[in-house]
Structures are given as structure tokens and as C-alpha cells.
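Dear colleague,

I am pleased to hand over the structure below for your study.

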There are 2 protein chains.
Amino acid sequence: MPTVDAETLRGLPHFGGLDAVARRRIAAGSRVRTLERGEWLFRRGSEPRAFFHVLEGCVQLFRSTPEGREQVIHRLRAGQSFAEAAVLTMSAYPVNAVATSSPTRLIEVGASSFLQVLDEDPRVARAVVASLCRRLVRLVQRVDELSVSSFEARLARYLLDLPAAGDGDDLVVRLPLPKKDLAAFLGATPETLSRQLRRWRDAGVADSRGAHITLHQPDVLLAVVADIPVPSHLPV
Amino acid sequence: MPTVDAETLRGLPHFGGLDAVARRRIAAGSRVRTLERGEWLFRRGSEPRAFFHVLEGCVQLFRSTPEGREQVIHRLRAGQSFAEAAVLTMSAYPVNAVATSSPTRLIEVGASSFLQVLDEDPRVARAVVASLCRRLVRLVQRVDELSVSSFEARLARYLLDLPAAGDGDDLVVRLPLPKKDLAAFLGATPETLSRQLRRWRDAGVADSRGAHITLHQPDVLLAVVADIPVPSHLPV
DNA sequence: GCCCTCGCTTGACGCACGTCAAGGCAGCGT
DNA sequence: ACGCTGCCTTGACGTGCGTCAAGCGAGGGC
């Protein structure tokens, strides 16, 4: 059970400004955990004893219905923290969490030491408030997207938000996750994703070869994102 | 422009524990506003100069697409605060806000005095963090609901969450808002709402007369909420 | 009384997506 | 080589829900 170096905590957004004493206190209540792909970190409804910070790999937060349909709420990569809110309300984790790559290394910060430091140091409180706010705004956006925009629009937005390389007039992006997971993240099925990419290929808008997707007409995608139906002067 | 009595602030969740000095500071940066039904409080994208606390009436937060489709994010009634997150990030209101009843009275708390007190008093920070967390959890629930559950399930859950009066074996609830607004809140259209109520009436599950809805078989609705398809031993 | 507006209800119709089922194609172990 | 097992793709089909359009009933003004 590897413990956490107090120095390591300096890198975390919440604890960057802390003095050495407080940092050592947090470090004492923390440890590093390593998970394999597919391993569960916590389940929805269980008691939140800790929040987490991703050092390496990827964690997916999701909910699921009794029949197995799942909605991915969030994907966390290196440098991001999560589950602070659950710790702060001290009620229950509202989602499930599993690692989606191997190995995934995390810092697990114990609830009690975190709450103590939070009460004593206004700077931590400030940092936590800020990060909660950012998350809140992002969620508001997702509520909006999931209910009013089509799958096409959600996918277009996702692709345009990826880091892209130019290639002549085209943009080329690389999917950072398998297509079936991307589909789940966008609240749809792999079949729907596949069909949308097919339609774009037929229309000459975008081509996909494996995880590499070439956007021939990014402006069309931009119009889709804005939810303005594209004037169909396109060849069949 | 009526100013705010420092005593009034004692009633607000964020400021209940404050000392008189801090409260007077907040009061100086605040005022009471009265809106008519339909009046705008702020628009998405504008700069957040204040957050609000509802004293009376109702405020609706929503987003809308260029073509006019709207998604209601939240409805606030007396005793609730909103837009703290926008103030804290200091970027832009992520939603629109309008009053939906007349009169709607609000306390408008100026951003600068709020931020100052937040930095100085850890108790305020704690209260704000707690309220943000609650909101975050509720939003996570909505992301989940909007994407994985059917309209029927969302409506069932909404009805079961209303305060109900018993009447024999039946439960009777009163819709606190017009049906078209309810439909929007649940991310659907009035037609869809109408049809669902019709189906329940035909199945003998629930009857609606205006805003009064009688639930003859609450257990069926409970099953719907759990997303377990109801075994159809029901008469046509 | 009449007419207007608004909220609600119904029907007809279309489309986006989910589900089920059947391949194709890669990688990988034996 | 073989057959696994996953991931992706495609087709056929069903359905939830939005859109359009019509009609209904309850106010409210004149």
C-alpha cells in the first residue's frame, strides 16, 4: 500500500497553495492505487470515503439501469480530480467508476483529512469551489445537449473539440477511445455512430479509417453544431 | 431601488452563520428586485454581476437553440438561490433566466461583495460548497434521466415526487405548473405529455382532470420509474 | 350575445435511434 | 494453418417522440 509523498501533492490543483504542514496532513490520509482496465473503483450508492486524482490512465464515471443500459457521465484522464462533491456531501457516490486503461494510477485522498483541511484553509475552499463550478457549467451544457441536439450534432461537436492536425484543406483527428465507448459517451449505440460516419462519408464531409477521421468540410460540421440544418447543395 | 435589510439576509442559507459586520457588507451590495411574469432576469452569455435568491414567485432557467427549441434546466421557487456558480467562475451566465409568475421578488446579491466575504469567512465557503454539491448531484441525475429513461419514466418520477394527498387507495397530486411548462421541464412537448396521460387513463393507471391528477395504481408508476417494463396483465 | 386568444387534446405522418441478427475483419493463442 | 474472441459495420424492423394541422373548451373584452 504505497503512501503519498507530501511533495507530490504540490502538483494537485486543490493543494498547490498549501503550506507544508497541511500538505503533510493530507499526505498521511492518502495513498496511491493502481488499477487494471475494467477494475471498479467504487459503485453508485456506496459511502464516499475518498476522492481521487488521476496520475495516469483513464477512469470512466457512469450510471446504469437494471437492464444494463449505461450512460457515461464523465471521462477523467491524467491531471483531473473527481468525486470531491460526493465526499463533501458525505452521502453516497452518485455514479459508478471503473478504470478504462491499464495501468491506471490514482491518488486516493481520504475524506476526513480533506474535510479538515478544507475547513481550515480558505484557499483550498476557493480552489474546490472553482473546480465544482467548472464542472457544474459543463454538466448544464450536457443536459442541454442530450435533450435538444441530435446525435449528429453531438458527434460533430465532439470531433471539432479534439486536437486536430491540418492536411491540406482537411482536418485530421484521432479518436482517443474505441468507437463503442465514444458512442456510449455521446449517449448512443455503436450502430448509430457507425451509420452517422457512413452518412458523412457518402456526403463527402468526413472519412474514417479506424481511429483516424479526416474532416473534409469542417464548416459543414460547424453548421451542424450550431444546429442549423445544412443547405443541401451537396451531391448525393 | 429598495435596499436589503441586513436582518433579512439571516434567512438565506449562505449567510445564516455570518456575523453582523459581514452581513451588513453583503446587504450594502444587494437589493430587492420585483419582476412580472415573462420578464427576463439575465441572458445566457452576459456577464454575471450578481447571484439571486427567490423570496416569492418562480424563476425558470433554460437554454434555447437558434430555432427556438428550449430545454428547461431548472425551476427555482421561494427559498432557493441560483447563479452562484456563474458569479464564482466570473465568466458568463450559462443559461437564460425569466420569471414565470407575477410578482416574483428576488434578492440580488452583488458579485464583488459576495466574493469578498467568501474569501474571508470559511463558513460561507462551506455553505456555498455544500449547495453547489447538491446541485451537481441533481444535475448528474438529470443527465442520466434525459438520456436513458423514457418520457414515461421521467413523468412518473416527477408525479411521485410531488406532495400527494391520499384518497382511498388512490393518490391525488396537483401540478404546480401548467402542462406545457411541465412538458418543457421534462424535455418534451405538450403533445407527448397529453398522450402519455391518455395512455395511463386508458390503462386505468391514472386520471387527470386539469391540474389534478389521480394515481389509481402508484405501484405501476413505481415500476415504470425503476425502468422495469410493467407486466401487461392489464385489461385493454 | 360574439369573437378572440390560449391552453389542451387528437390524429396523421415522418424521422431519428434503438434492437436484433448476420456478417467482415483484425489480432492472438494453439 | 486453424479457430477463437472483440470490434466494427450493415441491413431490416420497430417505436418513441417531434411536427403539422385541426378542433375543443374556458376565459375575457366588447
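**DNA strand C**

DNA strand C is surrounded by 15 residues, of which A:Phe151, A:Thr192, A:Arg195, B:Ser194 and B:Arg198 are the closest (a residue is near a strand if one of its heavy atoms lies within 4 Å of it). Of the atoms of DNA strand C that come within 4 Å of the protein, 72% belong to sugar and phosphate. Please note that this is a predicted model, in which local features need pLDDT of at least 70 and side-chain atom pairs count only at pLDDT 80 or more, while totals for chains, interfaces and linings use all residues. Residues are numbered from 1 along each chain as its sequence is written, chains are lettered from A and ligands numbered from 1 in the order in which they are written, and side-chain values use heavy atoms, with hydrogens and water left out.

Two or more residues each come from α7 of chain A and from α6 (179-185) and α7 of chain B (helices are DSSP runs of H or I with at least four residues, strands runs of E with at least two, numbered from the N terminus). The most, 4 residues, come from α7(B).

**DNA strand D**

Around DNA strand D there are also 15 residues, and the closest are A:Lys179, A:Arg198, B:Phe151, B:Thr192 and B:Arg195. A phosphate oxygen of DNA strand D lies 2.8 Å from a side-chain N or O atom of A:Arg198, and another contact places a backbone N or O atom of A:Lys180 2.9 Å from a phosphate oxygen. With 4 residues, α7(A) gives the most to the surface near DNA strand D.

**Two helices of chain B**

Helix α5 (residues 151-161) and helix α8 (residues 218-225) of chain B pack at about 125°, with axes 8 Å apart (axes are lines fitted to C-alpha atoms, for helices over the stretch in contact, and angles run from 0 to 180 degrees between N-to-C directions).

With kind regards

How values were computed:
Polar contact = N/O pair within 3.5 Å; in protein donor to acceptor, adjacent residues only side chain to side chain.
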